[in-house]
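User: I would like to learn how to read cavities, salt bridges and helix contacts in a model of this kind. Could you take me through them in turn?

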Amino acid sequence: MSEFLTLLGNTLWRTIWDVMPIIFTLFFFQYVILKQPIAHISQVIKGLCFVILGLALFLVGLKEAIFPLGDTMAKQLTNPAFLYADGIIGNYLWSDYVWVYLFGFSIGFATTFAEPALIAVALKAQHISAGSIQAFGLRVAVALGVATGVAIGCFRIVTGGPLWVFIMVAYIIVIIQTFFASKTIIPLAYDSGGVTTSTVTVPLLAALGLGLASTIPGRSPMIDGFGLIAFASVFPIISVLFYAQISTWLEYRQKGQAHKE
Amino acid sequence: MTLMQAQFLTFFKPLLGALRDLAPIVLVIVVFQLFVLHQPVPNLPAMLTGFVCVLFGLTLFIQGLELALFPIGEKLAYSFAKKGSLFWLLLFAFLLGFGTTIAEPALIAIAGKAADIAAQAHLIGTSEVDKSSYANGLRLSVALSVGLAIFLGVLRILRGWSLPIMIITGYLMVQLLTPFAPKEIIGIAYDSGGVTTSTITVPLVTALGIGLASSIAGRNPVLDGFGLIAFASLMPMLFVMIYGMIVLP
């Protein structure tokens, strides 16, 4: 218990310094440049205390729960005793780790589909497109994008391919799709890459990637461990642009049929 | 509604939000544990305490942001976008990007993790001081790059430069720099793009972008507000790779 309190105390102290720059910026511009007092100052001070305490608690929790959890899942899913009947790992194939890809896919899909920021973006898209893009369909598209991204990211960790090649190919696909996409969907598609990686998902993915890279033979956490977040940010752009393309195409075909009749 | 009820509600809403963030993760992990792995989870009590910390930490943090930082930040962003001088506007843009990124929880967590891994690989010293200076260096690089990204993004909105051309140039620069960066930094550099666009940065920066775009005739708020975030996820890749070229052997 006392160990926990020391950890919390230390984190709390460091958190104060982490929050200082933004507090300083806001107060400086408010009082020195704009020369206006802040309304509801007591509420603001209460809020700042919440921010500092909340951030410290959150960081302690990450260290105690989310990091070990990602690590444990990575270790258990790559444990030779779980993978092979005889429990001995020889020359492995990428397909031996199919549960890893499935886990990455599930985590990516579940966390993204429930993301509140995404729900808001999806509703906006439905509105802008006058209904040709459905909010639900878009959410599924983004979630499938993140899920596929994380799964392919896990595949890269297992096989040890160079990260930049994967990401470069993904961006080339995005650029090609951008040429053919309608102007209104482009900002939303690009946005979907950013909104999906929430504060809880990011550390979990990092721990998962580092855990995988440190247990799979021949991989190094330093070189292969990071990168899942990069995958999770690029792939939803592809899937949203793809979804928009299909929706437009379906609508076009429907109109064509209606015309014939 | 009584004051008690109101206070209960203002705490309850972010708590529900935090629960919604955690629930899918817990669900997937429980399913895998029960049906696939059949292995015991080590240190379950510590993990559960940690989960409670994450839950209440996130709740307090979000509520604090909504009480203090968001209202002030959004109002400032709007008023500087509408009438401030160019110098103060650009300085504000830079400091807003820098300050929000330094306080970004996901970045603090990832930088710490990166330092642990680098120490294990003996790329940096293994003492706490070495690790925290490496982690702080990473965070400073990312924060400076986000500051510069918002600065450039605001200039772009004012001058009306083309977004796709700037973004594509940026990615070309990332690709050009990658072969020269130490291979140990590339993963964290590419990840840092996605890490920054998170809890604090996005709402404040979007407010600045939308405020600016709506105060200049003929600009689309949706398009231009977005442009700032796109820069903020591009620049960190460059800066972190440069940081790696400087500190790593």
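**Reading the cavity, the salt bridges and a helix contact**

Analyst: By class, the lining of the largest cavity has 8 nonpolar, 1 polar and no charged residues, where Ala, Val, Leu, Ile, Met, Phe, Trp, Tyr, Cys and Pro count as nonpolar, Asp, Glu, Lys and Arg as charged, and the others, Gly among them, as polar. This is a predicted model, in which local features need pLDDT of at least 70 and side-chain atom pairs count only at pLDDT 80 or more, while totals for chains, interfaces and linings use all residues. Residues are numbered from 1 along each chain as its sequence is written, chains are lettered from A and ligands numbered from 1 in the order in which they are written, and side-chain values use heavy atoms, with hydrogens and water left out.

User: Which residues line the largest cavity, and how is a cavity found?

Analyst: Rolling a probe the size of a water molecule over the atoms shows where empty space is left. On a 1 Å grid over the protein atoms alone, a cavity is a set of points where a 1.4 Å probe fits but cannot get out, and lining residues have an atom within 4 Å of a point; grid points are joined across faces, edges and corners, and the volume is the space filled by probe spheres set on the points. Here the search of the whole structure gives 1 cavity of 30 Å³ or more, and the largest cavity holds about 50 Å³ of space. Its lining consists of Leu107(B), Ile110(B), Ala111(B), Leu138(B), Val142(B), Ile188(B), Ser192(B), Val195(B) and Val240(B). At least two lining residues come from each of helix H4 (105-120), helix H5 (128-159) and helix H7 (183-196) of chain B, helices being DSSP runs (H or I, at least four residues) numbered from the N terminus.

User: How many salt bridges does the structure hold, and where do the partners sit?

Analyst: A salt bridge is a side-chain nitrogen of Lys or Arg within 4 Å of a carboxyl oxygen of Asp or Glu, and over all chains there are 4. One of them joins the side chains of Arg139(B) and Asp18(A) at 2.8 Å, N to O, and this pair crosses between chains, from helix H5 of chain B to helix H1 (residues 2-33) of chain A. Both partners are buried (under 20% relative accessible area, with exposed over 50% and partly exposed in between; 1.4 Å probe, protein chains only), Arg139(B) at 8% and Asp18(A) at 10%.

User: What separates Asp71(A) and Lys75(A) in helix H2?

Analyst: Asp71(A) and Lys75(A) are separated by about one helical turn, because they lie 4 residues apart in helix H2 (residues 41-77) of chain A. Their side chains meet in a salt bridge of 3.1 Å, N to O, with Asp71(A) partly exposed at 27% and Lys75(A) partly exposed at 36%.

User: Where do the axes of the two H7 helices cross, and at what angle?

Analyst: Axes are lines fitted to C-alpha atoms, for helices over the stretch in contact, and angles run from 0 to 180 degrees between N-to-C directions. The axes of helix H7 (residues 163-180) of chain A and H7(B) come within 10 Å and cross at roughly 35°. Leu163(A), Trp164(A) and Ile167(A) in H7(A) meet Ile186(B), Gly187(B) and Tyr190(B) in H7(B), contact meaning heavy atoms within 4.5 Å. The residues of this contact comprise 5 nonpolar, 1 polar and no charged.

Methods
1 Å grid on protein atoms, 1.4 Å probe; cavity = no way out; pocket = protein on both sides within 12 Å on 5 of 7 lines; lining within 4 Å.
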